Amino acid sequence: MGKEEAQLLNVQRSAIFFGTNANQETSKTQNIRLNFFQDISDAVPLMVAVYNINTGEYLYVNKAVKKLLGYTPKDFTKGGFPFVVSLVHPDDYPRILEENNKALKEANSKKTSLDKDPIINFEYRMKHKNGSYKWLHTDGSVFSRGNDGSVEIVLNASLDITHRKEAEQKIEKLSKELDLRVKTKTRELLQMQENIQISEIRHRTMIEQSPLSIQILSPDGKTLQVNKAWEQLWGAKLEYLKDYNVLKDKQLIKLGIMPYIKKGFKGDPTHIPAVKYYPNKTIPDVPAVPYRWVSAIIYPVKDDRGKVQEIVLIHQDITEQKEAAEKVQQSEQQLQAIMDESPAVIFLKDLEGRYLLINRQYETLFKVTRDEIKGKTDYDLFPKETADQVTSHDRKVLKTGASLEVEEVVPHKDGLHTYISIKFPLYDSTGNPYAVCGIATDITERKQIEQRKDDFIALASHELKTPVTSVKMYAQILEQRFQKIGDKESTKYLSNMDKQLDKLVKLVNELLDISRAQTGKIEYKKRVFLIDDLIKETVEHIQIISTTHKLMFNSQTKQKVYADRDRIGQVLINLLNNAIKYSTKGEKVIVKLTKDKDCVTVSVQDFGFGIPKSEYKNIFERFYQTGDKNGQTFPGLGIGLYISSEIIKRHDGEIWVESEKGKGSIFFFTLSIAEDKKRKK
Amino acid sequence: MRKRILVVDDDEGILEAFKAMLTEVGYEVEISTKNGEYINRKIREQPPHLIILDVLLAGTDGRHICKKLKSQTKTKQIPIIMVSAHPDARETALEAGANDFLAKPFDMNDLLKNVEKYIDS
């Protein structure tokens, strides 16, 4: 109990004390007692008022009224009840009136003079003289009762509780505000919670649906969550990771990526370089998926204070790309190995002639590495003539877009080497050439061997002719002698011998020719002559020695050609001989000469076995022989057509055949007409 | 007086055949396989009316001999017919100063015709 409350109680007790004795005393004693009481109550800081409820008269108000309400006791005693009532706050008056009446009713019903408790206490506002309202806590108690026992005089003890009331009101206001704020805050929180829930759902859905493998870990390395893509990538489920700690994964440590993972766990988003991971080496329940190539991103999820709460690990499956890249690499290595094992020199140059690639043989022979040569051209590696030669071939290839087989001479330390180079363009995906590729084989030795062979053949034919020469001379001497003495038979024999020797010489000459023809050693002595005459001469000459066939030549062009007369004659002889050889007795051979624009065409037609279409090209090849269906071969070395074709080629003409098996063949060759000297000027 | 023909060739078989052939028609034939200075001297001492000379001799180029003979006052008027089993030797033989060239093996009549042609010059 507070100090003031105690005081109130005491006052009431004393009031009761005095009040209960009221009926037994005289008014004099009553007044003495009243005065005594007044003195006491003036000393008390409470406002004490005694009034008659029936008359409304204020019998006594203590001096504290001045302090409390600004009025004097006289104002109260003068004004009485109505005055006091007027001071009550209008909002409070109806309430206190009701309470007062209720209390009185109750007090009256008790009708005993032994009341010790206050009959009422209430709180209300009263207006201070200065106009402001003060809250009072008033305890009313029965001061005295009338003769009928009903309450007559009441004693009110009032305490200024303005501060307390104000405080109470403030508290209430604050309380209401707080309440409101709490309500608002709660609503906000609920909203936030809802938002968070939605966000979480969205988050979870995103993770679940993401095509990227997502694994969420706690900072201690354990896995909290994985999505479907993760399960599919690793062929595992979250349950398998019960005992798995990424920070202790031995395979990852061995692969050397633990530092990156640790970096992510520390708080730095990191890209983890690609590794080849075998899930079933680390996680036992995983069914045997061989391996996966993955690269990953690890990033921490931090709270507001920057502390890592979760770690997100996103894997990207690059197995297919890796395997494709490996295949490409393997393919490249394969190609490189083939290139490097090749004894041929292989190289690649760009459109400007700069080297892109070379093989090992190139490196070995020309003492340059494939890295050194990049960007260099032939002018950086070889003397100018060589570079000029080689570059012109490259340019031709790019210009024509076709592959080219050509001989190239290139200096080595030990001298010049000859290469047979096959060069061809390379095209990119848009169909444009981007490089020239060359494959070159060293034929120097082969050429030397060929040279020696040819030298040998030349020597051999020379040597062969020597004994033949003397035999022929003796044969002719003897022939003459026998002719002189009239021995016809012997003469004939020797004549036959002479013919055979001629054949022998012819064969030897053919042999010599063929080797010379191939190396281009035949020198052609070209001059202008009438082609008609040559043909006529040759036909006549052959007709003389051919008794079995009829040769016909009736054409005329009167054209001149610029060529080696002897050699063209040789061609004609060859064709005529073939015509005779490959047709049966009694048949004719027709020779024709025609003029076409700027060249003449000579044709030799026979009616013999004919040549199948598949053989057209072959018959002009060196050493080629046709046989008839019985497998019969024909005398001769089979080089006549080859030499003829070489001769015609060297005259920039063409030679070809048209034939029908069983019906015969026509051989054609062309020569350019000699330009008129007059026209030249 | 019989005309004297000198035949120089490195093959003995051919030399014998030449001798037989030319003697048959009445010439005096001297044959030699030797070359170089020996032949040169021999020719100067006893100049023949015609020389038949092979292009390719063992160790020496017949064309050199021909050139030399044609450049010496004493011998330059002697007609020289060069012979060879190489048909292409004709041009170079003529360049060396030979009066004519025959390819081996030759027809007897051709040879005799040529000999007759030059021997009287």
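Me: How many helices and strands does the secondary structure of chain B come to?

Reply: In this predicted model, the secondary structure of chain B comes to five helices and seven strands. Along the sequence, these elements of chain B follow the pattern β-α-β-α-β-β-β-α-β-α-β-α. Chain A, for its part, has 21 helices and 22 strands.

Me: What makes H1(B) and H5(B) roughly perpendicular to each other?

Reply: Helix H1(B), residues 12-24, and helix H5(B), residues 108-119, have axes that cross at roughly 65 degrees and come within 11 Å. Angles of 65 to 115 degrees count as roughly perpendicular, and therefore H1(B) and H5(B) are described as roughly perpendicular to each other. The crossing of these two helices, H1(B) and H5(B), is right-handed.

Me: Which residues make the contact of H1(B) with H5(B), and how do they divide by class?

Reply: From H1(B) come Phe18(B), Met21(B) and Leu22(B), and from H5(B) come Met108(B), Leu111(B), Leu112(B) and Val115(B). They divide into seven nonpolar, no polar and no charged residues, because Val, Leu, Met and Phe count as nonpolar.

Me: Where do the axes of H19(A) and H20(A) come in distance and angle, and what is the hand of their crossing?

Reply: The axes of H19(A), residues 565-581, and H20(A), residues 640-650, come within 9 Å and cross at roughly 145 degrees, and the crossing is left-handed. On the H19(A) side the residues include Arg567(A), Ile568(A), Gln570(A) and Val571(A), and among those they meet in H20(A) are Gly640(A), Leu641(A), Ile643(A) and Ser644(A). By class, this contact of H19(A) with H20(A) has seven nonpolar, five polar and one charged residues.

Me: Why is Asp394(A) called buried?

Reply: Asp394(A) has a relative accessible area of 7%, and buried means under 20%, so Asp394(A) is classed as buried. This residue is found in helix H15 of chain A, residues 384-400. Leaving aside neighbours within four places in sequence, Asp394(A) is in contact with Lys349(A), Asp378(A), Lys423(A) and Val436(A).

Me: How do you know that Val591(A) counts as buried, and which residues is Val591(A) in contact with?

Reply: The relative accessibility of Val591(A) is 1%, which is set against a limit of under 20%, and so Val591(A) counts as buried. Val591(A) has its place in strand E19 of chain A, residues 588-596. Beyond neighbours within four places in sequence, its contacts include Ile535(A), Val539(A), Met552(A), Phe553(A) and Leu576(A). For Leu576(A), 15 residues apart from Val591(A) along the chain, the C-alpha atoms of the two are separated by 8.7 Å.

Me: What part of each chain counts as buried, and what part of the contacts joins residues at least 24 apart in chain A?

Reply: Buried residues make up 42% of the 681 residues in chain A, while 48% of the 121 residues of chain B count as buried. Among contacts in chain A between residues at least 6 apart in sequence, 53% join residues at least 24 apart. In chain B, residues 24 or more positions apart account for 59% of the contacts with a separation of 6 or more.

Terms used. Residues are numbered from 1 along each chain as its sequence is written. Chains are lettered from A and ligands numbered from 1 in the order in which they are written. This is a predicted model: local features need pLDDT of at least 70, side-chain atom pairs count only at pLDDT 80 or more; totals for chains, interfaces and linings use all residues. Side-chain values use heavy atoms; hydrogens and water are left out. Axes are lines fitted to C-alpha atoms, for helices over the stretch in contact, and angles run from 0 to 180 degrees between N-to-C directions. Helices (H or I, at least four residues) and strands (E, at least two) are DSSP runs, numbered from the N terminus. Angles under 35 degrees count as roughly parallel, over 145 as roughly antiparallel, 65 to 115 as roughly perpendicular and the rest as oblique. A crossing is left-handed if the near helix is turned anticlockwise from the far one by less than a right angle, and right-handed if clockwise. Contact means heavy atoms within 4.5 Å. Buried means under 20% relative accessible area, exposed over 50%, partly exposed in between (1.4 Å probe, protein chains only).
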